[in-house]
Amino acid sequence: MTRARMPRPHEVAAARQDPRLLRALRERRQDDAWRTRGTCQSVDPETFFPAPNEPADAAVALCRSCDVQGSCLAWALEVGDCHGVWGATTPRERRAMLVAWRGEVEPDPDALDDAGPPVRDRLLTLVPLS
């Protein structure tokens, strides 16, 4: 199994301009029922989780025609999901988008739970950014 690398600065810069990310930012938290209306509901889930050496073209093509693409991508970025195809993006594309997303989106104050601050804040205390 290969280890995912951190996105390079030029990849993050390109991700900031990606229309899929811009749509996800607009549609963030706009539609809580997006999962019930996704095109993926009528397709085998395995399609969206190809093996690392298999192309994800079929899943990406299905996602591009979906009405809830922005909400789907926003959810994947919100939870940091780096597996499978979400919102017409591959895991590699989402890693760069995730860096851009975290710079654009304020943490949700309602995300506090009994365990303490949100996971992102707990991680920042463990791995200081320089």
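**Close-up 1. Ser 71 lies in helix H5.** Helices here are DSSP runs (H or I, at least four residues), numbered from the N terminus. This is a predicted model: local features need pLDDT of at least 70, side-chain atom pairs count only at pLDDT 80 or more, and totals for chains, interfaces and linings use all residues. Residues are numbered from 1 along each chain as its sequence is written, and side-chain values use heavy atoms, with hydrogens and water left out. Ser 71 is buried, at a relative accessible area of 6%. Buried means under 20% relative accessible area, exposed over 50%, and partly exposed in between (1.4 Å probe, protein chains only). Leaving aside neighbours within four places in sequence, Ser 71 contacts Glu 27, Asp 31 and Trp 34. Contact means heavy atoms within 4.5 Å.

**Close-up 2. Helix H2 (residues 19-27) packs on helix H5 (residues 69-79).** The angle is about 85°, and the axes are 7 Å apart. That makes H2 roughly perpendicular to H5. Axes are lines fitted to C-alpha atoms, for helices over the stretch in contact, and angles run from 0 to 180 degrees between N-to-C directions. Angles of 65 to 115 degrees count as roughly perpendicular, under 35 as roughly parallel, over 145 as roughly antiparallel, and the rest as oblique. From H2 come Arg 20, Leu 21, Arg 23, Ala 24 and Glu 27; they meet Gln 69, Gly 70, Ser 71, Leu 73, Ala 74 and Leu 77 in H5. Five of the residues in this contact of H2 with H5 are nonpolar, three polar and three charged.

**Close-up 3. H2 and helix H6 (residues 91-104) cross at roughly 45°.** Their axes come within 11 Å. H2 and H6 are therefore oblique to each other. H2 contributes Arg 20, Leu 21, Ala 24 and Leu 25 to the contact, and H6 contributes Glu 93, Met 97, Ala 100, Trp 101 and Glu 104.

**Close-up 4. UniProt lists Cys 40, Cys 63, Cys 66 and Cys 72 under "binding site", in an unreviewed entry.** These four positions spread over 33 residues of sequence, yet cluster in space, with a largest C-alpha distance of 10.6 Å. Such annotations may be inferred rather than shown by experiment. Cys 40 sits in the loop between helix H3 (34-37) and helix H4 (57-64). Cys 40 is partly exposed, with a relative accessible area of 34%. Cys 66 lies in the loop between H4 and H5. Cys 66 is buried, at 10% relative accessible area. Not counting residues up to four places away in sequence, Cys 66 touches Arg 23, Gly 38 and Thr 39.

Definitions and conventions
Helix = DSSP H or I, 4+ residues; strand = E, 2+ residues; numbered from the N terminus. Nonpolar A, V, L, I, M, F, W, Y, C, P; charged D, E, K, R; others polar.
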